[in-house]
Amino acid sequence: MAVTLLADDQSVARRILDHIDHSTTDLSASTWREPVEHYRSPGRLALELERAFRHSPTPFCPSAALAEPGAYLAREAAGTPILAVRGRDGEVRAFRNACRHRGVQVAEGSGCGTAFVCRYHGWTYGLDGALRHVPHAHGFPDLDPARHGLVPVRAVERHGLVFVTQDEPELAEPCLDELAGVLPPELRLHSVTEEVFAANWKILMDGFLEGYHLRATHRRTFYPIQFDNLNVIERFGRNSRVAFPYQRIGKLRSVPAAERSVDGMLTYVYHLFPNVVVATFPLTRAVIVQEPLGVDRTRVINYTLTALPEGDADAEAALKSALDFQREGAAEDRDVACSAQRALASGANEFYEFGRFEGALTHFHRSLAEVVNGAAGAARAASG
């Protein structure tokens, strides 16, 4: 029987109401000092990509982005061109996106089809990656088609997400069953956005994982409807979940504890190691991928999902209003992240100091240090 690591909604609601009553928040056992050089060093980034990104089962996209047989999505993950596709049998598979003849990518962007045809010489691959056709095949008398299919990478579909592991050996089980119900099957893909920001991927990630900044950064957006520095923080494997309650959660006081629902009462932010966030909102779910392009540039891919029906004018208006509000708050986060990136050049800080109420940050950076440097390296980082 699987062990549940995350608290149920009723327990989270009780902890939040207790924090409100006592003007407290969840506290970690200790503080953390993260070397600023870890945000600036190309060598450190190379290790993160090699040891964490490519060996981790990392969310590549939501299942809703591959909703039907033949649906595919091609993009770079940790600098590697990857192609994910749903086969005729309903299974999701992933491949290194390179023709086995001369290496040209066989797909770009997203779409739906029955095969992948290399635009260079026309080599053709099935949805299962098998090499199906070679024009003028007599020119390759020794070619074994069975050995020249697209090169697979491990793909696992769990709880509404497609996870890809590029390299072996794979890191330990990432506690994926804790995501049950986060992305229910009735969700449809509403939109996908991509933007490149002038900031290190970890600076951008840090902004998702604490509520200490709400009053100062989101004075006109999130702060009026949420709480400053009041969070419930949980860990599962290298991942974490942070609950950001809304002011209206106080209405649950009149509801029997066993009957309390947190739907519409809080946002859960799930950090899925190393570089993906899943955020729950009243009308949407967001799957946000931070893809490093360099020490000071990150591509942010945001998949927005919703259960609201298409074509309903009232639903579309409500969704637009909610997304506009979320984008305004996200822009505030990105502005301060880019400011922090520019300030790295000042040389003012040797370390970033994470307080006890920033426990999800501590867990993230300790987990990353353990993967990159081993447990001893993580201990040295914690001590400064």
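Which residue lies over the face of Phe 351? Arg 33 does, at 4.1 Å from the ring centre. Here a charge sits over a ring if NZ of Lys or CZ of Arg is within 6 Å of the ring centre and within 35 degrees of the ring normal. Lys 202 gives a further case, with its charged end over the ring of Tyr 39, 5.1 Å from the centre.

Before going on, a word on the ground rules. This is a predicted model, in which local features need pLDDT of at least 70 and side-chain atom pairs count only at pLDDT 80 or more, while totals for chains, interfaces and linings use all residues. Residues are numbered from 1 along each chain as its sequence is written, and side-chain values use heavy atoms, with hydrogens and water left out.

Now to the rings themselves. Rings of Phe, Tyr and Trp (its six-membered ring) pair if their centres lie within 6.5 Å; planes under 30 degrees apart count as stacked, over 60 as edge-to-face and the rest as tilted. The count comes to nine aromatic pairs. One of them joins Phe 53 and Trp 201 edge-to-face, with 4.9 Å between centres and 80 degrees between planes. Phe 53 belongs to helix α2 (residues 42–53) and Trp 201 to helix α3 (residues 201–206), so this pair ties together parts 148 residues apart in sequence. Helices (H or I, at least four residues) and strands (E, at least two) are DSSP runs, numbered from the N terminus. Phe 53 is buried at a relative accessible area of 4%, and Trp 201 is buried too, at 0%. The terms work like this: buried is under 20% relative accessible area, exposed is over 50%, and partly exposed is in between (1.4 Å probe, protein chains only). Together with Phe 364, Phe 53 and Trp 201 form one aromatic cluster.

Next, find the open sheet. Its seven strands run in the order β12-β18-β17-β16-β15-β14-β13, with antiparallel pairing; two strands pair if DSSP finds at least two bridges between them. The edges are held by β12 (188–197) and β13 (232–236), each with a single partner strand, so one side of each has no neighbour in the sheet. From one strand to the next, the twist averages 15 degrees. Inside the sheet, β16 (residues 276–280) and β17 (residues 285–294) pair over five bridges, and Ala 279 has Ala 286 in β17 as its bridge partner.

What packs on this sheet? Helix α1 (residues 9–22) does, touching β13, β14 (239–245) and β15 (266–272), where contact means heavy atoms within 4.5 Å. The direction of α1 makes about 140 degrees with that of β13; axes are lines fitted to C-alpha atoms, for helices over the stretch in contact, and angles run from 0 to 180 degrees between N-to-C directions. Helix α6 (residues 359–373) also lies across β13, β14 and β15, running at about 165 degrees to β14. In α6 you will find Asn 373, which is partly exposed at 38%. Asn 373 and Leu 47 are 326 residues apart in sequence, yet 8.8 Å apart in space, C-alpha to C-alpha.

Finally, the cysteines. The structure holds zero disulfides, a disulfide being a pair of cysteine sulfur atoms within 2.5 Å. For Cys 112, the nearest cysteine sulfur is that of Cys 61, 14 Å away. Cys 112 is partly exposed at 46%, whereas Cys 338 is buried at 13%.
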